[in-house]
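Subject: Handing over a structure

Dear colleague,

I am passing on the structure below, together with some notes on what was found in it. Please read the notes with the sequence and the model open beside you.

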Amino acid sequence: MNQDPNSQPHSASRRDFLKASTFAAGAAALGGLSLARSAHAAGSDLVKIALIGCGGRGTGAAANALSTKANVRLVAMADAFKDSLDASLGALRKQFKDRVDVPDERKFVGLDGYQKAMESGVDLVLLCTPPGFRPMQFEAAVKAGKHVFMEKPLATDAPGIRRIRAANETAKQKKLAVAVGHHLRHERQYRDIVGRIHRGEIGELKYLRVYFDMGPLWIRPRRPNQTEMQYQVRNWYYFTWLSGDHIVEQHVHDLDVGNWMAREHPIEAQGMGGRQVRVGKDVGEIFDHHAVEFTYASGVKMFSYCRQIAGCWDSFSQHATGTQGSADIVGHGSAVMQVAGQPPKKWRRAHDGHQIEMDDLLAALAAGKTYNEVDRAADSTMTAILGRMATYSGKLVTWEAAVNSQLDLTPKKLAWDGKTLVKPGPDGCYPCAMPGVTKAW
Ligand SMILES: NC(=O)c1ccc[n+]([C@@H]2O[C@H](COP(=O)([O-])OP(=O)(O)OC[C@H]3O[C@@H](n4cnc5c(N)ncnc54)[C@H](O)[C@@H]3O)[C@@H](O)[C@H]2O)c1
């Protein structure tokens, strides 16, 4: 795990890339095949992109893709809701003008819009929907033979992680490039510091501390005539089946850095959490704080904290302590490394990883390099899910038990009239996990 995808040897040519992007099953291949052949024959290196999930990050990811040096064009967009799609398209057209070619017939609204976007002759899809939909949409992208950029986290439960891993084996066979939005892995100062930790500059690793403490987030009030499914998808952050809870949705960034520093995933976790301030009808079922002690096979501990409560101490940071010194990374990359007997080494925040990760993906595609970030990202999402299982249950949970969990949080019918598994009580509030009682895996 934790390989740098950019360091992998060239194992696929540019021709393979174009072929792979049109590795679509059956008749669906025809549109893509002709695209690839004509593109290749004309010596074109145009990469056609579909954005799926046109919210804040999706619009940002599309902007990053359109800002690379590669010859790219955004040609299709899909979103559950028309207003989100239109707002995103308007902003992207304004900024990128003729790099955005999304006519009405390539705008797809609804829960099945993603499939239509994948069938519209594109090479690369950006999956930026809530993570509860990621396994289903990644499976579809791989089946359709598309290269993928997908946001973290990769799923919200263990069955979802197993689907991601299985689809990824097919993606590897099809030589599809797959990037995952752990942008910190691409930031140069993170690479430098973690490389130094791996080379033993702070001695033998003893423990890690990771934090994502901040205030509360947006709320999208219930609208008249909304079905319960529409309400939950709009307010996806507050429902565990859609976001994984904030320990999964957000804190996964820090847990990923911890796993990267430790060069493995934890083998067990225990922790505590709850919702002290996040109460009421508008805030679904998730907790507002989690504190977890993860244990790695090496004996190294990772102490993890995440909180979304106003008026408290805030921190987005990752810290490693070794036998000879320590490394502290604060707020996306300002950092200091202190080693006994040496002057401290300091780093300032460098270039934004969101742009670098997209530059790296499109450069790999242009060079025909093998590129796959899924295995390590699946470990990190699973680490976060393990942490949530520990805080929701109040029990010690092993990695083995967590990865084999059969607890599937996704409703059977994903349609606006489909039944959600989580429902508000008579007071309009949603029940939340009860440590000591809840079966969390
Ligand atoms: N890497 C990062 O720094 C970073 C930052 C923010 C968000 N994210 C991730 O990006 C993803 C999206 O987050 P966001 O902040 O953009 O949320 P958002 O609510 O702003 O956007 C999500 C969009 O997806 C749409 N959507 C929901 N379900 C859909 C479906 N089934 N099919 C199509 N569209 C659907 C919504 O209507 C919305 O427009 C999440 O996984 C989040 O964790 C990553």
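Pro153 is found in the loop between S5 and H7, where the labels H and S stand for helices (DSSP runs of H or I, at least four residues) and strands (runs of E, at least two), numbered from the N terminus. This is a predicted model, in which local features need pLDDT of at least 70 and side-chain atom pairs count only at pLDDT 80 or more, while totals for chains, interfaces and linings use all residues. Residues are numbered from 1 along each chain as its sequence is written.

Pro153 is joined to Lys152 by a cis peptide bond, with omega at about -20 degrees. Another loop, the one between H7 and S6, holds Lys175, and the phi of Lys175 is near 60 degrees, a positive value in a residue other than glycine.

**Two domains**

The domain assignment, which is automatic or taken from a database, divides the chain into domain 1 (5–183 + 356–372) and domain 2 (185–350 + 381–403). The contact between them, counted where C-beta atoms placed from the backbone lie within 7 Å, takes 17 residues from domain 1 and 21 residues from domain 2. On the side of domain 1 that touches domain 2, helix H7 (158–173) and helix H13 (353–367) each supply at least two residues, and H13 gives the most, with 3 residues. The residues of that side divide into 9 nonpolar, 4 polar and 4 charged; here Ala, Val, Leu, Ile, Met, Phe, Trp, Tyr, Cys and Pro count as nonpolar, Asp, Glu, Lys and Arg as charged, and the others, Gly among them, as polar.

**The parallel sheet**

Six strands make an open sheet in the order S3-S2-S1-S4-S5-S6, with parallel pairing, where two strands pair if DSSP finds at least two bridges between them. Its edge strands, each pairing on one side only, are S3 (107–109) and S6 (178–180). Neighbouring strands of this sheet are turned by 20 degrees against each other on average, direction ignored; axes are lines fitted to C-alpha atoms, for helices over the stretch in contact, and angles run from 0 to 180 degrees between N-to-C directions. Within the sheet, S1 (residues 47–52) and S4 (residues 124–127) pair in the parallel sense over 4 bridges, and Ala50 stands opposite Val125 in S4. Helix H4 (residues 82–96) packs on the sheet and touches S2 and S3, its direction making about 160 degrees with that of S2. Helix H6 (residues 134–143) also packs on the sheet, touching S1, S4 and S5 (147–150), and its direction makes about 180 degrees with that of S4.

**The mixed sheet and its helices**

A second open sheet has 9 strands in the order S14-S13-S12-S11-S7-S10-S9-S8-S15, and its pairing is mixed. Strand S8 (residues 266–274) runs antiparallel to S9 (residues 289–296), and 8 bridges join them; in S9, the bridge partner of Ala269 is Phe294. Phe294 also stands opposite Met302 in S10, and S9 pairs with S10 (residues 301–308) in the antiparallel sense over 7 bridges. In the hairpin of S9 and S10, which has 4 residues between the strands, Gly299 takes a positive phi near 95 degrees.

Helix H12 lies across S7 (205–214), S9, S10 and S11 (315–322), running at about 170 degrees to S7. Helix H14 packs on the sheet as well, touching S8, S9, S10 and S15, with its direction at about 50 degrees to that of S8.

**The surroundings of the ligand**

Which residues are closest to the ligand? The ligand is surrounded by 26 residues, of which the closest are Gly53, Gly55, Arg57, Ser84 and Glu151; a residue is near the ligand if its C-beta atom, placed from the backbone, lies within 6 Å of it. Helix H3 (56–66), strand S2 (72–79) and helix H5 (113–118) are the elements that give two or more residues to this shell, and the largest share, 3 residues, comes from H3. The residues of the shell divide into 12 nonpolar, 9 polar and 5 charged.

With best wishes

Definitions and conventions: Contact = placed C-beta atoms within 7 Å.
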